[in-house]
Amino acid sequence: MTVEEFNKSVDLYSDGIFRFILKNIKDEDEAKDIVQDTYEKMWIRSSEVSYEKVKSYLFSTAYHTMIDKIRKNKRMSFSDNMSDYIGTHTDSYTGLNEVLDDALGKLSDIQRSVILLRDYEGYAYNEIAEITELSESQVKVYIYRGRLALKKYIGSIEALV
């Protein structure tokens, strides 16, 4: 990969990677760090990465970097109170985006990731499988179960409006 191709990949994909990571971890500074780490890893391996596969490589690397940071943070925050992670559902309308973000927060890390890759970023099942290193059928199952959990949490759209 040339320097021009690397710079072009930064222009094309850095915002999408940032949004994907931010939706998963909800910490803007941490998301920026993960995006920077992702591009650093790609720069180190630039001779091995072809420009045709750069998008998949970047999202895979960002996903795995995010998972590593989540695991590291879980090990470090052993004394956190569980009430910080458990939200409460209110009967009043708080905004559709907030309700959806709350619902996404209730999903497991892998379900949230595959749903965001599929529905938010528009990846195909086989691309998500490649990024997450799952089989295509596992991806479909996680998406299906995640969507069911979202539907159960949110209820009907009429109840929100």
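**Figure 1. Arg-112 and Asp-109 within helix H5.** In this predicted model, Arg-112 and Asp-109 both belong to helix H5 (residues 109-120), where they stand 3 residues apart, about one turn of the helix. The two side chains form a salt bridge whose closest N and O atoms are 2.6 Å apart. Arg-112 is buried, with a relative accessible area of 7%, whereas Asp-109 counts as partly exposed at 25% relative accessibility.

**Figure 2. The salt bridge between Asp-119 and Arg-147.** The closest N and O atoms of Asp-119 and Arg-147 are 2.6 Å apart, and the two residues form a salt bridge. Asp-119 is located in helix H5 and Arg-147 in helix H7 (residues 136-154), so this pair ties together parts that are 28 residues apart in sequence. Asp-119 counts as partly exposed, with 45% relative accessibility. Arg-147 is likewise partly exposed, at 35% relative accessibility.

**Figure 3. The salt bridge between Lys-69 and Asp-37.** Lys-69 forms a salt bridge with Asp-37, with 3.4 Å between the closest N and O atoms. Because Lys-69 lies in helix H3 (residues 54-76) and Asp-37 in helix H2 (residues 28-44), the pair ties together parts that are 32 residues apart in sequence. Lys-69 has 22% relative accessibility and counts as partly exposed; Asp-37, at 23%, is also partly exposed.

**Figure 4. Salt bridges in the structure as a whole.** The structure holds 8 salt bridges, including the pair formed by Arg-112 and Asp-109 and the pair formed by Asp-119 and Arg-147.

Methods: Residues are numbered from 1 along each chain as its sequence is written. This is a predicted model: local features need pLDDT of at least 70, side-chain atom pairs count only at pLDDT 80 or more; totals for chains, interfaces and linings use all residues. Side-chain values use heavy atoms; hydrogens and water are left out. A salt bridge is a side-chain nitrogen of Lys or Arg within 4 Å of a carboxyl oxygen of Asp or Glu. Helices (H or I, at least four residues) and strands (E, at least two) are DSSP runs, numbered from the N terminus. Buried means under 20% relative accessible area, exposed over 50%, partly exposed in between (1.4 Å probe, protein chains only).
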